Amino acid sequence: MNRTPHHHPLRLRRSVLSVPAINARALARSPALDCDVVLFDLEDSVLPEKKAEARAALVAHFATLDRASGREYVIRINPLDGPDGALDLEAVLDCMPDAVLLSKVSEPQDVLTVADWLSEAGADDDRDWGPRLWAMIETAAGLLNIAAIAETGRTEGGRLDCFVVGLNDLRKETGIADIPGRPYLAPLLLQVVVAARAFGLDVVDAVFNDFADAEGLEAECRQGRQMGFDGKMLIHPAQIDAANAVYGVTEAEAAEALAIVAAFAAPDNAGKAVVTIAGRMVEKLHADQAERLLARVDLINERKRTA
Ligand SMILES: CC(C)(COP(=O)(O)OP(=O)(O)OC[C@H]1O[C@@H](n2cnc3c(N)ncnc32)[C@H](O)[C@@H]1OP(=O)(O)O)[C@@H](O)C(=O)NCCC(=O)NCCSC(=O)C[C@H](O)C(=O)O
Ligand SMILES: [Mg+2]
């Protein structure tokens, strides 16, 4: 098994805003929004009879995008076993997004099929481009197969980069209740986080449907961060600030990280694997964590500069 803690460069994925490709006003608004990732949706927010129109709108929209903005552009496609998946992939070739989000991934083959298709398309294409793959985990089978999906997507073809949890579909299929605090869903969410981390993937928490409930959203963002998620999938611009704040880095966290890095760099602590800071044991692994957090601060500051 080929496992590494993080197999790709650090990326900001605090706020992943879904923008229905069929909604011209939302498309027009999206470049000015402060989300880390714009996720253009061709799946559930587009009616079957509007899919072709949505694909055409998306291709036109990508022609206008500022690709140097530093944020990630992702396209969510329909499942490949339906009538639209293959047509969506053709549109992906025209758009050249940073990543493709596969909906309703239930087994490793779902990822491999798209990875192979993209590799074959890339072989006939002289453009220097190849998208990463993201996978929606939102079926009972997907949860049961989560480790195999992570391992295969990560090692074979190597394009898999990020999981996104889809609780609307999962609740629909399983009957698990939609209760504040997500008591019965929490074990499943943690299962996705652990599988992602075992194979060096990022992992994004599910949407919060009640976009008028700012307090509920903030609580769910906090819960997601405590569970280990990197960010939250969002459905409305009003949700962006809360996700960026909760999944950001506080001044106290940054100060603590600086103190840990400084302690290990101090000449008195040279050669030590363990030091004491303010009465607390701090190990080298905490210094690694602190350095990663400080790199995240740099990325957030960079994002502010380019916004
Ligand atoms: C939920 C909405 C249908 C609400 O839309 P609306 O009533 O238009 O909201 P507002 O009037 O408050 O909108 C204010 C302005 O903001 C723009 N807007 C709204 N949403 C977005 C957006 N997502 N991206 C960009 N801009 C947006 C409106 O256009 C207004 O601007 P203007 O027109 O200039 O006045 C709507 O928010 C919406 O459709 N949201 C996204 C829905 C979606 O993407 N669904 C799929 C993702 S959810 C999912 O995947 C679940 C998962 O699969 C699972 O299983 O759990
Ligand atoms: Mg879904």
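How many Å separate the centres of domain 1 and domain 2, taken over C-alpha atoms?

**Figure 1. The two domains of the chain.** Welcome to this predicted model. The domain assignment places domain 1 at residues 15-246 and domain 2 at residues 251-306. Taken over C-alpha atoms, the centres of domain 1 and domain 2 are 31 Å apart.

**Figure 2. The surroundings of ligand 1.** Ligand 1 is surrounded by 23 residues, and the closest are S18, R25, A26, G166 and N168. Three elements, β1 (15-20), α1 (24-29) and α7 (167-174), each give two or more residues to this shell. Which element gives the most to the shell around ligand 1? Strand β1 does, with four residues. If you like to think in terms of residue classes, the shell holds ten nonpolar, seven polar and six charged residues.

**Figure 3. Helix α4 against helix α6.** Here helix α4 (residues 108-123) packs on helix α6 (residues 146-155), with the axes 8 Å apart and at an angle of about 20 degrees. Angles under 35 degrees count as roughly parallel, so α4 is roughly parallel to α6. The crossing of this pair, α4 and α6, is right-handed. To find the contact in your viewer, pick P108, V111 and L112 on the α4 side, and A148, I149, T152 and G153 on the α6 side. Sorted by class, the contact of α4 with α6 has five nonpolar and two polar residues, with no charged residues.

**Figure 4. Helix α6 against helix α8.** Staying with α6, we now turn to its packing with helix α8 (residues 186-198). The axes of α6 and α8 come within 9 Å and cross at roughly 25 degrees, which means that α6 is roughly parallel to α8. The crossing of α6 and α8 is right-handed. Helix α6 brings I146, A147 and A150 to the contact, while α8 brings Q191, V192, A195, A196 and A198. The class count for α6 with α8 is seven nonpolar residues, one polar residue and no charged residues.

**Figure 5. Helix α11 against helix α12.** In this view, helix α11 (residues 251-265) and helix α12 (residues 284-306) pack with their axes 8 Å apart, at an angle of about 130 degrees. Is the arrangement of α11 and α12 oblique or roughly parallel? The angle makes α11 oblique to α12. The crossing of α11 and α12 is left-handed. From α11, the residues in the contact are E253, A254, A257, L258, I260, V261 and F264. They meet K284, H286, A287, A290, E291, L293, L294 and V297 in α12. Charged residues take part in this contact: the classes for α11 with α12 are eleven nonpolar, one polar and three charged.

Methods
Residues numbered from 1 in each chain as written. Chains lettered and ligands numbered in written order. Predicted model: local features only at pLDDT ≥ 70, side-chain atom pairs only at ≥ 80, totals over all residues. Near = placed C-beta within 6 Å. Nonpolar A, V, L, I, M, F, W, Y, C, P; charged D, E, K, R; others polar. Axes fitted to C-alpha atoms, helices over the stretch in contact; angles between N-to-C directions. Parallel < 35°, antiparallel > 145°, perpendicular 65-115°, else oblique. Left-handed = near helix turned anticlockwise from the far one by under 90°. Contact = placed C-beta atoms within 7 Å. Domains from an automatic or database assignment.
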